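Visitor: I would like to go through this structure and ask what lies behind the terms used for it.
Guide: Here it is.

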Amino acid sequence: MPSRARLIRSACLCLALALAGAPVAAQNGDKPAGPAPAVAIGADLASQAGTTRLTLTLSRAVEARGFVMERPDRAVIDLPEVNFQLDAESGRRRDGLVQSFRYGLFAPGRSRVVIDLAAPATIGRIETVTRQRDGAVLLTIPLQRADREAFRKAAASGDPRPAQARSAAPEPTDQRPLIMVDAGHGGTDPGAIAVGGVFEKDIVFGFAQALVGKLESGGRYRVRMTRDRDVFVPLAERVRLAREARADLFVSIHADSISAAPQVRGATIYTNAEKATDVESARLAERENRADAAAGTDAAEAPPDIADILQELTLRETRGFSSGFARTLMGQLAPVMEMSSKPHREARFMVLRSPDVPSVLVELGYLSSKHDLEMLQSPDWRASVTGSMAKAIELFFTNRATLGRPAVTRRSAAAAPVLP
Ligand SMILES: [Zn+2]
């Protein structure tokens with residue numbers, strides 16, 4: 001649960017971002033409207049090992065430059081005009097090298113932060129990063145403890161903008177592909193249950209965790225899970241999480257069970273289609289789609305009206321990528337595990353209905369098969385299969401880089417900041 005303070009901060013930021021996005025009303029009738037100043041809604045101090053960092057939370061990136069002055073010892077940060085919406089106590093908190101600080105409009109179109117230093121310090125490299133969660137920009141000014149002589153030299157250098165204190169260009173946001181790993185079921189919904197009482201939700205969660213570990217260890221992807229513990233997450237919520245995070249790939253992990261046919265074995269990869277490839281696939285999708293009802297929630301909310309959100313083209317493109325990934329995955333899994341008689345099938349799965357996130361659902365095997373159940377519980381098997389999945393994901397993104405990513409269309413279509 002987010003704290004109340006965090007909710008308030010988010011609300012403030014939302015407002016600040018909205019304000020920042022609106023152009024300033026034209027003045028004197030004929031003056032053209034310009035962009036509104038960046039809004040500062042937070043100022044935080046943190047100290048560690050001779051360095052104190054002042055971090056401003058801003059509605060957008062601004063260029064900052066800093067210099068130091070002696071008698072009294074100060075660090076000065078010059079900014080373009082910033083609308084400071086900080087709480088009154090902000091500048092009064094003493095922390096490490098910072099005695100206190102003041103801020104405000106310094107000249108038309110220029111703002112300034114003046115930091116009273118508790119000890120001589122120089123300004124390190126000013127950094128700007130964009131916070132993924134909500135698009136806020138964090139401007140960090142590091143102050144490093146210096147001896148009196150070095151400080152005096154810096155103050156007397158006559159250069160109010162020492163090169164190293166100039167703001168770096170805003171760092172690009174993390175561009176690595178985002179993979180959403182969806183462990184099926186959870187909490188009050190156990191999924192399929194094996195003869196010995198093993199739950200699908202536990203088997204698939206263990207597998208999903210191993211897959212996440214494998215993907216993260218390569219460092220090439222950002223990885224998230226729709227659930228990170230034994231908790232119920234409605235199907236529509238899983239779709240929403242993937243779309244809101246702008247995932248580049250959604251992989252849902254399940255394990256089926258057919259008690260009437262304990263000889264049936266092997267993995268199947270499903271992609272979404274209105275019309276199922278066969279009767280069994282349609283029945284399976286129906287079973288999986290009942291997850292919400294099993295957990296005692298209302299029927300899943302209606303999927304987004306695709307026609308309203310994105311053009312048919314994007315949807316088709318997404319489907320193409322989903323099928324392409326399913327085939328790649330099949331190619332990687334077949335050598336290391338038992339596959340079902342028809343390993344790529346289609347059916348109408350609620351959880352695969354993101355119009356803009358390539359999505360597949362993998363049924364790893366059958367809990368009703370003694371062989372499959374043994375495999376599913378073997379750490380060696382798990383390591384080998386997650387390794388092959390990671391390889392398939394790598395191939396998928398390599399091919400996509402050559403073909404061009406539909407994500408570009410999607411990103412520009414959803415430019416609004418995503419709030420938690
Ligand atoms: Zn399932």
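Guide: Two strands are taken to pair if DSSP finds at least two bridges between them. The model is predicted. In it, six strands form an open sheet in the order β12-β11-β13-β16-β14-β15, and the pairing is mixed.

Visitor: What makes β12 and β15 stand at the edges?
Guide: β12 (222-225) and β15 (339-347) each have a single partner strand, so one side of each has no neighbour in the sheet. On average, neighbouring strands here are turned by 20° against each other, direction ignored.

Visitor: How do you know that β14 and β15 pair?
Guide: The cut-off is at least two bridges. Five bridges join β14 (residues 267-272) to β15, so the two strands count as paired. They run parallel. Within this pairing, Ile-269 has His-344 of β15 as its bridge partner.

Visitor: Which strands does helix α5 lie across?
Guide: Helix α5 (residues 279-289) lies across β13 (249-256), β14 and β15, at about 70° to β15.

Visitor: Why is the set around Ile-179 and Val-360 called a nonpolar core?
Guide: The term requires buried residues of nonpolar types such as Ile and Val, joined through C-beta atoms within 7 Å. The largest such set has 55 residues, and Ile-179 and Val-360 have the most contacts inside it. Helix α3 (residues 200-218) gives the largest share, seven residues.

Visitor: What does Ile-179 touch?
Guide: Among its contacts are Leu-215, Tyr-221, Val-223, Leu-249 and Ile-393, leaving out residues up to four places away in sequence. A second, separate core has 32 residues, including Ile-41, Ile-115, Leu-117 and Ile-126.

How values were computed
Residues are numbered from 1 along each chain as its sequence is written. This is a predicted model: local features need pLDDT of at least 70, side-chain atom pairs count only at pLDDT 80 or more; totals for chains, interfaces and linings use all residues. Helices (H or I, at least four residues) and strands (E, at least two) are DSSP runs, numbered from the N terminus. Axes are lines fitted to C-alpha atoms, for helices over the stretch in contact, and angles run from 0 to 180 degrees between N-to-C directions. Two residues are in contact if their C-beta atoms, placed from the backbone, lie within 7 Å. A residue is buried if 20 or more other C-beta atoms lie within 10 Å of its own, exposed if 12 or fewer, and partly exposed in between; C-beta atoms are placed from the backbone.
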